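Let's take a walk through this protein model, one feature at a time. Have the 3D view open and follow along.

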Amino acid sequence: MSEIESKIKHLSVELHRHNYNYYVLDSPIISDFDFDMMLKELTMLEKQYPELIDSNSPTQRVGGGLTKKFDTVKHRNRMYSLDNSYSFEELEDFENRINKVIEEKVEYVCELKYDGASISLTYEGGELVQALTRGDGFQGDDVTRNIRTIKSIPLLLNGDYPESFDIRGEIVFPNAEFEKLNQKRLINGEDPYANPRNLASGTLKMQDSVEVAKRPLECLLYFLVGEKLGISTQFDALNKARYMGFKVPEISEKFNSLQGVRSFIEKWDTKRHELEYETDGVVIKVNSLAQQEELGYTAKSPRWAIAYKFKAEQKTTLLKEITYQVGRTGAVTPVANLEPVHLAGTVVRRASLHNADQIEKLDVRVGDTVFVEKGGEIIPKIIGVDFDSRPADSIKTVYLKECPECGSTLERKEGEAQHYCHNSNSCPPQIKGKIEHFISRKAMDIDGLGAETIDLLYKAGLVSNIGELYDLSSKKSDLLSLERMAEKSVNNMLEGIENSKNIEFEKVLFALGIRYVGETVAKKLARSFKSIDSLIIASFDELVSVDEIGERIAESVINFFLEEDNIKLIDKLKDNNIKFVSEETEISTDNLHLEGKVFVVSGVFDVYSRNELKKEIEKFGGKVTSSISKKTDFLVAGEKMGPSKLEKANKLGVKIVSENDFVKMID
Ligand code: AMP
Ligand code: ZN
């Protein structure tokens with residue numbers, strides 16, 4: 001080994017060790033300054049001798065680059081979930097079930113149930129090779145690149161380790177950091193994140209690992225999976241994982257009866273709020289791995305473990321103000337602004353009041369002392385009012401009449417809970433929200449554009465609707481003059497916009513943000529109607545005849561296309577070559593002998609359902625419309641067809657064919 005090589009090696013080993021001391025053990029033995037100097041030295045050497053860079057060097061945690069789509073990968077060992085319990089009686093049932101299978105004494109290990117995103121790490125030859133999210137338990141997303149940025153996760157293991165194994169744990173966002181980040185967002189006028197758990201899982205799925213590296217994620221490990229692990233109990237497993245260099249929570253205890261388990265639960269039910277991370281329960285595991293094997297698994301979870309869920313904590317606090325938030329669809333959500341209160345480890349300032357009915361039901365008023373509760377994953381909610389402490393001069397809450405953002409009158413349709421601002425094309429949060437939705441990953445998937453940039457573009461008057469995104473390529477100098485917009489990010493953004501022209505129709509349809517048309521509905525509509533043009537002219541009946549398309553969706557689709565602005569928008573997008581036709585239709589060109597023919601289908605049929613008939617017609621190149629006109633070529637007439645249609649067809653000289661005739665036509 002050359003002198004340089006050994007110097008690099010030495011620095012690497014030392015830096016890994018100091019990382020471990022700092023991030024895993026929480027007890028650094030050198031100053032931050034000295035650490036930075038060593039890191040700098042290593043970086044310099046690697047720059048000079050790039051051929052000597054090891055992929056596991058401490059400098060290589062952020063490999064850079066974007067992950068556009070996370071690969072789905074099968075777990076080599078299934079990730080089970082846990083049965084839940086909410087009372088000590090249920091724990092006794094758990095023990096009884098165990099005692100039916102196991103005759104000897106059973107020892108339990110209690111661990112805290114950390115509330116984050118589960119992860120499975122694979123190590124081969126002491127090296128981290130893969131990190132998968134839980135997904136559905138059988139397969140998860142490959143988030144290795146992002147996981148490598150978490151400093152408490154060892155890239156290389158210490159001492160003696162199994163050749164190949166998986167280790168499971170939880171990715172968490174520390175409470176204090178969560179608070180800090182939310183404070184910052186509030187100051188910037190941004191919405192705070194709901195809870196550390198969502199933030200942790202959201203961060204894991206970020207496309208840019210450089211951004212992930214900036215977030216203080218941690219990984220707490222609790223489970224080893226594999227063969228020849230050299231351990232015989234769960235408690236050993238925890239120790240072994242610690243010894244290999246993983247961050248394993250110190251809070252775990254062995255008990256030889258449920259009595260002990262109970263005391264552990266009672267102790268941590270209150271003390272958990274002093275911890276650095278959110279927890280939502282205790283996990284109780286049979287300690288002996290041999291006994292675990294005997295007990296085995298149900299379809300979903302191990303029989304040798306159970307989660308005891310803590311009850312949601314409640315607090316009272318003052319309701320200072322009710323504000324109203326306008327979302328992308330114009331839906332208005334009332335928000336309770338609270339005197340900040342510590343609840344389940346975080347400071348709660350805001351809680352959702354859902355809608356006008358909820359306000360009415362709770363009779364909640366500004367100045368009230370309210371009960372706030374926080375469950376595992378939900379935004380805190382107000383569950384009641386302490387009427388005894390209501391001030392004498394309290395005034396009943398009157399729901400807002402006008403949109404807080406654009407001033408137009410709010411409306412609430414009968415049978416709906418939510419109020420809406422219908423000024424969808426000039427209400428700022430709706431405009432921005434629509435663009436954000438349009439560019440999102442499951443829609444047009446436009447890279448290089450985020451909420452902040454959209455805000456910037458909107459404020460600068462460069463983009464005020466989706467269509468104008470496609471004008472940006474001719475406004476490069478305007479873009480470059482914006483704050484924080486360097487040449488590279490502008491190019492990146494324009495390239496992303498250009499690439500969106502390849503996005504398939506069903507995603508484009510979803511991206512338009514038609515109310516109630518989510519991802520699945522968009523797929524269904526795209527597959528049935530094949531193009532935006534046939535969707536635009538689709539009648540209510542035609543829409544509801546599609547599988548799983550109900551009246552509410554049909555109405556919303558029709559209303560969307562009735563708006564002239566929306567048709568203009570579609571025309572503009574068409575001009576920019578956005579895909580508005582399903583690929584499928586484009587491909588089936590060999591069978592187009594009904595091409596150009598216009599059909600109306602009416603009545604009930606023997607062989608085909610009406611919908612199948614329509615699909616057949618389209619498959620062979622024909623077009624289906626809902627009402628008979630001069631342009632109609634054929635009326636496919638079934639039984640129970642209305643006499644007026646028949647009359648009209650006769651009058652206009654439209655050919656009337658039966659189901660049998662039609663089959664012959666396409667045969
Ligand atoms: P559930 O998501 O309710 O099925 O609960 C199972 C999840 O709890 C697992 O997938 C883990 O992500 C999480 N968990 C947190 N802490 C632990 C722990 N100490 N042992 C096992 N699972 C845990
Ligand atoms: Zn508005």
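## The zinc site

The site of the zinc ion (ligand 2) is tetrahedral, with angles of 101 to 115° among its four donor atoms. (Four donors count as tetrahedral if all angles lie between 85 and 135 degrees.) Who holds the metal? Cys403, Cys406, Cys421 and Cys427 do, each through its SG atom, at 2.2 to 2.4 Å. A donor here is an N, O or S atom within 2.8 Å of the metal (3.2 Å for Na, K and Ca), and water is not among the atoms, so sites may look incomplete.

Along the chain, the donors follow the spacing C-x2-C-x14-C-x5-C. Helices (H or I, at least four residues) and strands (E, at least two) are DSSP runs, numbered from the N terminus. Cys403 counts as buried because its relative accessibility is 4%, and Cys427 because its value is 0%. Buried means under 20% relative accessible area, exposed over 50% and partly exposed in between, with a 1.4 Å probe and protein chains only.

## How the model was read

This is a predicted model: local features need pLDDT of at least 70 and side-chain atom pairs count only at pLDDT 80 or more, while totals for chains, interfaces and linings use all residues. Residues are numbered from 1 along each chain as its sequence is written, chains are lettered from A and ligands numbered from 1 in the order in which they are written, and side-chain values use heavy atoms, leaving out hydrogens and water.

## The nonpolar core

The largest nonpolar core has 53 residues, and Phe438, Leu469, Leu472, Leu509 and Leu525 touch the most other members. Such a core is a set of buried Ala, Val, Leu, Ile, Met, Phe, Trp, Tyr and Cys residues joined through side-chain atoms within 4.5 Å. This core draws at least three residues from each of domain 3 (428-502) and domain 4 (505-587); domain bounds come from an automatic or database assignment.

## A parallel sheet

Four strands line up as E20-E19-E21-E22 in an open sheet, with parallel pairing. Strands E20 (623-624) and E22 (655-657) are the edges, each pairing on one side only. Two strands pair if DSSP finds at least two bridges between them; E21 (residues 634-637) and E22 have three.

Conventions: Four donors count as tetrahedral if all angles lie between 85 and 135 degrees; four count as square planar and six as octahedral if opposite donors are over 155 degrees apart and all others between 65 and 115; anything else is irregular.
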